[in-house]
Amino acid sequence: MSKRLGKLNETQYDFGKLKKVIKQMSESYVIKVGIIGADAQAKHKDTDLTNAELGAIHEFGATINVTKKMRGFFFKKYGIQKSKKPIVIPTRSFLRMPLLSKEGRQQIIKKVINSMGINSLFSGNKGTPKEFKGVYEKEIINTISPETLATAIGAVALERVMEAFETEGFGQWQPTSEWSKQHRKYNPSNPTLTDTGDLRSSITFDVQKVS
């Protein structure tokens, strides 16, 4: 976690303190967010790809060489002139960008702080007497279990991923082409990557204790 100061409700917060609290807790947990478990290996509807494979294509982008069979299919179904140009699928990061970017990490921490009512820990009041420093950390460690904190972080992280789908990557994804919109199976006006909703619904989070 970054130690840089962020701003929330007109109050300064030191995000490095959350990392300090986590380290002081007696138990450690791993938080996984993405296409995991049985959903990862499940076939995506109307394709030969698993959810994990389709997710990787959109997360990292891909260049697909068009075969003779593919050219015939597109010409027959959509009337597209046969072309040997590869199909380029742009990168539309729905995990790395929302969760690992500087802004993403800060937004997650802010929401966790608010949802758990632990704002006092992060208040950057320079006038706090020395004898009171560390009191808030101890209070949180004694009242909030590591699993509860890890679960809160996972839930907020998943919420941010869902926000990325609703906002087309917070406005950073390359928009769906007009041709793709016209040939969508469902609503042409749906945000990018949300036509069927299957990819989005396959994403979840999991919290596991480190032995």
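**Entry 1: setting the terms**

I call a residue buried when its relative accessible area is under 20%, exposed when it is over 50%, and partly exposed in between. I keep in mind that I am looking at a predicted model.

**Entry 2: His58**

I started with His58 and asked: is His58 buried or exposed? Its relative accessibility is 13%, so I note His58 as buried. I found His58 in helix α3, which covers residues 51-60.

Next I looked up what His58 touches, leaving aside neighbours within four places in sequence. My list has Ile89, Pro90, Thr91, Arg92, Ser93 and Phe94, and also Leu193 and Leu199.

**Entry 3: the chain as a whole**

I counted eleven helices and six strands. Of the 211 residues, 33% are buried. The chain exposes about 13100 Å², and carbon and sulfur atoms supply 53% of that area.

I also checked how far contacts reach along the sequence. Taking contacts between residues at least 6 apart, I get 69% that join residues at least 24 apart.

**Entry 4: salt bridges**

How many salt bridges does a search of the whole structure find? I got four.

I then compared cover for the two partners. Glu59 has a relative accessible area of 4%, so I log Glu59 as buried, while Arg96, at 36%, counts as partly exposed.

Then I turned to Glu159 and Lys111, a salt bridge with its closest N and O atoms 3.3 Å apart. This pair links distant parts of the chain, with Glu159 in helix α9 (residues 146-166) and Lys111 in helix α6 (residues 102-116), 48 residues apart. Glu159 is partly exposed at 39%, and Lys111 is partly exposed at 28%.

My next stop was Glu166, which forms a salt bridge with Arg200. Here the closest N and O atoms are 2.3 Å apart. Because Glu166 lies in helix α9 and Arg200 in helix α11 (residues 198-201), the pair ties together parts 34 residues apart in sequence. Glu166 has 48% relative accessibility, so I put it down as partly exposed.

Notes:
Residues are numbered from 1 along each chain as its sequence is written. This is a predicted model: local features need pLDDT of at least 70, side-chain atom pairs count only at pLDDT 80 or more; totals for chains, interfaces and linings use all residues. Side-chain values use heavy atoms; hydrogens and water are left out. Helices (H or I, at least four residues) and strands (E, at least two) are DSSP runs, numbered from the N terminus. Buried means under 20% relative accessible area, exposed over 50%, partly exposed in between (1.4 Å probe, protein chains only). Contact means heavy atoms within 4.5 Å. Accessible areas come from the Shrake-Rupley method with a 1.4 Å probe; for residues, only the protein chains shown count as cover. A salt bridge is a side-chain nitrogen of Lys or Arg within 4 Å of a carboxyl oxygen of Asp or Glu.
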